Amino acid sequence: MNPVMAEDSTKAKSGENVIEAFNVDAAEILANEAQLLPISEATPIYEKLVSVFPTAAKYWKQYSEAQMVANNDDATKQIFSRCLLNCLQISLWRCYIRFIRKVNEKKGAEGQEETRKAFDYMLHCVGNDISSGPVWMEYIAFLKSLPATTAQEESHRMTSVRKVYQKAIVTPTHHIEQLWKDYENFENSVSRALAKGLLSEYQPKFNSARAVYRERKKYVDEIDWNMLAVPPTGSYKEEQQCMAWKKLLAFEKNNPQRIDAASANRRVVFTYEQCLMYLYHYPDVWYDYATWHAKNGSVDSAIKIFQRASKALPDSELLKYAYAELEESRGAIQAAKKIYENILASSTSGNSLAQIQFIRFLRRTEGIEAARKYFLDARKLPNCTYHVYVAYATMAFCLDKDAKVAHNVFEAGLKKFMNEPGYILDYADFLCRLNDDRNVRALFERALSLLSPEESEEVWKQFIKFEQTYGDLASMLKVEQRRKEAFSRPCEEEASALDSSLHDVVSRYSFMDLWPCSSKDLDHLARQEWLSKNINKKVDKSAPSSAAISTEKGTVGLLSDLNTTTPSAKLVYPDTSRMLIYDPRQKQGTGLVPGNSGTEVPATATAINSNSSVSLAGGGPTKPLNEILKVIPAMLVGFISNLPAVEGPSPDVDIVLSILLQSNIPSVSTGKLAASSQQVTGTGPATSDLSGSSKTRPNPSGSSVRHSKKRQQLDKQEDDETTTIQSRPLPRDVFKLREIQRIRRGGASQTGSVSNGSAFSGELSGSTG
């Protein structure tokens, strides 16, 4: 053997195990390597490929062509018989036609008849494909090439060609325009008089087919025809392809061409079969296909689809239940029972579910005794869970109206499943239906004495809920206290002491979706409960706290000073100690902004307290507000002084805009601003200068203005600033008017005071005296 081929063979054998996991890349490599091997060595590889990808037309085509090259006609026929009906792809079927023509080319009239039948069969199966235009043309060319020695044979041949043309021009394909032109030429070559009537008859049908083709093409273009059928992984491409196929199916079901029902159904069937070539492992596609057949009255076809689905997806119990449901609905009880027995035989993890469904099936179809007999056998199985007891007891109570049998079943199960909280809760629910509150309490007490605290949480909740419904106040309080004691630990005495008793009151006095408090109160109680449970845990000092600034008293209120969880290692927090206040005079690369007094302005501030000091987020030193205001231009100070007090971190946008529109901010050129910013001397404005009633406001730089033109501008600015916001024209917007009126009413009682810190904390106030 050639060393290269031997190496390829070794690689191919090593890759056979890889494609079992639906590895598409490995399958492609294996298929390419198989082309280099002799047919005897490539056959096992092809068999492996088509067993993993049974609807991959390209692998079947490659396999059949390899056999055709080797002149293995019998093997080729066998391959085509296995794949043609499951792979409705034009390229594979054209390969089939080539094989048929090759086999029958030397058989004379008999071979021509076999070829004609093969063409008819192919067009019946894949003639509705949008890419079937070349097949129609090839068939027409084949019919035209048939010999005709007599006038009768010639007439028969022309009739056959005409029928094929008339079918082709009403099928929406890529070559429909060319087929129509060929048909026109054909009819005109035969008889112009006859052609006029036939062309006028088929012109509207052709126009309709052409319009449908244009619409169909939009859906077809979204489909990846080279995709292999693999189980769904949830990838975006798979979901996109699934939706593309469903859109095409919905389009075909609407019968856009308005053809007869039989022809429209054939197109839908063809589209479903093509869809299954790529979505072979999608149970919803199989189910939709079967139910579509059933809704159209073809139950036998739906049964066949379910049978194919069971072979394609043997592990899908969902499809088996749907199959059994269809059989039961049409009265085939024995067939449905056989399906259930098959599920029971093949089930592993879901065996209890299969037992429950079989009990219900027997109760529906064969009566109470059959279901009871199977339950008695199922309860002896080692893998029988408490779900089977609950299901049978519920069925006996609700369907058979036999509370005694249901009670006996629950009691029998209690001996085996006393440690199952789910079983305890279901049994308690059953006793509540019977109004047997005494036995309910006894059941809860018995179960809680055996269950661990981790397992008993839901039982305690149901016990408390039961006492809230059936008990008195003393019993409610007693059970709640017992639950707290059961879950408290010695190291958590302080935390348990902080447990909000108000939360228990909410639990006692709420009903369904009715609550005795507002949603804000519920949120507050939830936060307090979380804080109390975690108060003793260590807090990472470097972790930033989520702070909320109080807007009522001007103080900083921290919601998460008691933050008790260590920040996740995956989160990257900023270093707030390096944050800087923006200033246009600051040079790049400078860490701190130099102040006029030789001190350094702090990098950032998170809140402003009532003492007019700024606190650093990183826990650094504090600086007076005046030092911060030194670097703020006078125009910005004037704007801040006019801002209203707000409740929260953000003021109303409409009010801020109205203030901006009514403010006369002088326009300063870039050059003048740069020159002015370089003359930083003396002191900044004092706190009292921030008042809206102040008539003199110093220049941000502290220097005198030398030019008269600039002095005039500043005088004009000062005159304009003497006008308060209340005396300016009101905006026309109704909502802005209401907001300004509300601000006036709120500020009427605070004469001579302004809110100067709203831009920082929203609440710093200073009196003008």
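Me: What is the volume of the largest cavity?
Reply: In this predicted model, local features need pLDDT of at least 70 and side-chain atom pairs pLDDT 80 or more, while totals for chains, interfaces and linings use all residues. Residues are numbered from 1 along each chain, and side-chain values use heavy atoms, without hydrogens and water. For the largest, the volume, as filled by probe spheres set on the points, is about 110 Å³.

Me: Which helix gives the most to the lining of the largest cavity?
Reply: The lining (residues with an atom within 4 Å of a point) includes N128, R216, W225, L248 and F270. Helices (DSSP runs of H or I, at least four residues) α11 (192-220), α12 (236-253) and α13 (261-278) each supply at least two of the lining residues. With four residues, the main contributor is α13.

Me: How many residues of that lining are charged?
Reply: Among the lining residues are D129, E252 and R267; Asp, Glu, Lys and Arg count as charged. Beside five nonpolar and three polar residues, the charged ones number four.

Me: Are α23 and α24 roughly parallel or roughly antiparallel?
Reply: Helix α23 (residues 437-448) meets α24 (residues 457-470) with axes 11 Å apart; F444 and L448 in α23 are among the residues in contact (heavy atoms within 4.5 Å). The angle between them is about 155 degrees. Angles over 145 degrees count as roughly antiparallel, so α23 and α24 are roughly antiparallel.

Key:
1 Å grid on protein atoms, 1.4 Å probe; cavity = no way out; pocket = protein on both sides within 12 Å on 5 of 7 lines; lining within 4 Å. Axes fitted to C-alpha atoms, helices over the stretch in contact; angles between N-to-C directions. Parallel < 35°, antiparallel > 145°, perpendicular 65-115°, else oblique.
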